[in-house]
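Please keep the structure in view while reading.

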Amino acid sequence: MHIELAEKDLGGPLSHLYDSLINCARAIIAEAVGDIDKALGLVRNLVEGSDVWDRDDPAMTPVAAPLVRIALAGGDRELAQVLLDQLRNFQTDESAEPYSAVLYCQGLIDGDVDLLLGAAKNFADAGLPMAAANAAEDAAVALAASGKTAEAKAADQIAIDHYANLAADREINRSGAALRSYGVRRGATGSRDRPKHGWGSLTAAELRVAELVAHGLTNREVAERLVVSVRTVDSHVARARTKLGCASRVELAVKFGEWVKEGRE
């Protein structure tokens with residue numbers, strides 16, 4: 001939808017904003033597939049060729065940290081600082097999302113774990129679990145890079161908890177790989193001893209999806225709530241039904257209600 005709007009000649013600032021957000025997405029995707037040079041070039045073009053960062057437009061706040069991360073990964077600390085300086089223009093008070101984003105970006109630039117964990121807590125308190133998980137993950141990686149294994153695992157657990165509630169299995173695997181690159185391994189999480197059937201066999205992600213289904217949400221609504229794809233939700237529902245022996249999602253919802261009444265035993 002954003003791409004379609006951006007491609008239309010609206011002749012106003014909205015079109016420019018959509019175009020900037022799309023370029024942000026392209027940069028983030030390029031980084032995700034390992035093309036840091038392309039990602040860095042997109043970020044530079046975004047900052048140098050756009051006035052979005054020169055205006056107090058909070059729409060850019062959620063993408064600030066990923067762009068700062070790209071700048072740092074590409075070795076352009078000056079660009080990262082420019083992004084942070086512009087982000088400060090969006091800051092209003094300590095309870096607002098821009099304030100937490102500033103903490104997050106400053107923590108990335110300085111490698112300051114306390115700032116990263118502080119941002120994670122603020123995001124969580126503000127009801128932004130994905131941002132909280134990302135910040136906690138970055139804190140865990142920074143601690144692992146410093147050789148602080150125990151502290152890294154503790155920060156990683158915060159990220160895992162948030163990711164699990166969002167059914168974000170891919171992010172859990174990615175963060176685990178990042179820690180392993182510094183020699184930090186998570187250890188057993190219980191999956192090896194998890195039974196094959198019954199409520200104890202469900203992963204945290206599957207259980208969260210089952211709970212939302214029991215609350216009457218469709219798979220698409222669950223996907224929107226957890227910010228994941230519908231296909232991911234479909235997979236979690238299918239696995240939960242198989243493990244619980246449910247013939248339908250209605251039966252899954254009924255069994256969840258009974259399980260809750262029984263004290264989740």
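Is the crossing of α7 and α8 left-handed or right-handed? The crossing of α7 and α8 is left-handed; a crossing counts as left-handed if the near helix is turned anticlockwise from the far one by less than a right angle, and as right-handed if clockwise.

The model is a predicted one, in which local features need pLDDT of at least 70 and side-chain atom pairs count only at pLDDT 80 or more, while totals for chains, interfaces and linings use all residues. Residues are numbered from 1 along each chain as its sequence is written, and side-chain values use heavy atoms, with hydrogens and water left out.

**Overall composition**

The chain contains 14 helices and 0 strands; helices (H or I, at least four residues) and strands (E, at least two) are DSSP runs, numbered from the N terminus. Of its 265 residues, 41% count as buried, where buried means under 20% relative accessible area, exposed over 50%, and partly exposed in between (1.4 Å probe, protein chains only). The accessible surface of the chain comes to about 14100 Å², and carbon and sulfur atoms account for 50% of it; such areas come from the Shrake-Rupley method with a 1.4 Å probe. Among contacts between residues at least 6 apart in sequence, 54% join residues at least 24 apart, a contact being heavy atoms within 4.5 Å.

**Two helix pairs**

The packing of two pairs is set out below. Axes are lines fitted to C-alpha atoms, for helices over the stretch in contact, and angles run from 0 to 180 degrees between N-to-C directions.

| Pair | Angle | Axes apart |
|---|---|---|
| α7 (residues 113–125) and α8 (residues 129–145) | about 160° | 7 Å |
| α12 (residues 219–226) and α13 (residues 230–244) | about 115° | 8 Å |

At about 115°, α12 is roughly perpendicular to α13. Angles under 35 degrees count as roughly parallel, over 145 as roughly antiparallel, 65 to 115 as roughly perpendicular and the rest as oblique. The crossing of α12 and α13 is right-handed. Asn219, Arg220, Val222 and Ala223 of α12 make the contact with Val230, Val233, Asp234 and Val237 of α13. By class, this contact has 5 nonpolar, 1 polar and 2 charged residues; Ala, Val, Leu, Ile, Met, Phe, Trp, Tyr, Cys and Pro count as nonpolar, Asp, Glu, Lys and Arg as charged, and the others, Gly among them, as polar.

Helices α7 and α8 are roughly antiparallel to each other. On the α7 side, Val113, Leu116, Leu117, Ala119, Ala120, Phe123 and Ala124 take part; they meet Ala131, Ala132, Ala135, Ala136, Asp138, Ala139, Ala142 and Leu143 in α8. The contact of α7 with α8 has 14 nonpolar, no polar and 1 charged residues.

**Individual residues**

Asp156 lies in helix α9 and is buried, with a relative accessible area of 3%. Not counting residues up to four places away in sequence, Asp156 touches Ala140, Ser175, Leu179 and Arg186.

Ala167 lies in the loop between α9 (149–165) and α10. Ala167 is also buried, with a relative accessible area of 2%, and its phi is near 60°, a positive value in a residue other than glycine. Most residues other than glycine have a negative phi.

Gly176 is found in helix α10 (residues 169–180) and is buried, with a relative accessible area of 5%. The C-alpha atoms of Gly176 and Lys153 are separated by 10.0 Å, the two residues being 23 apart along the chain.
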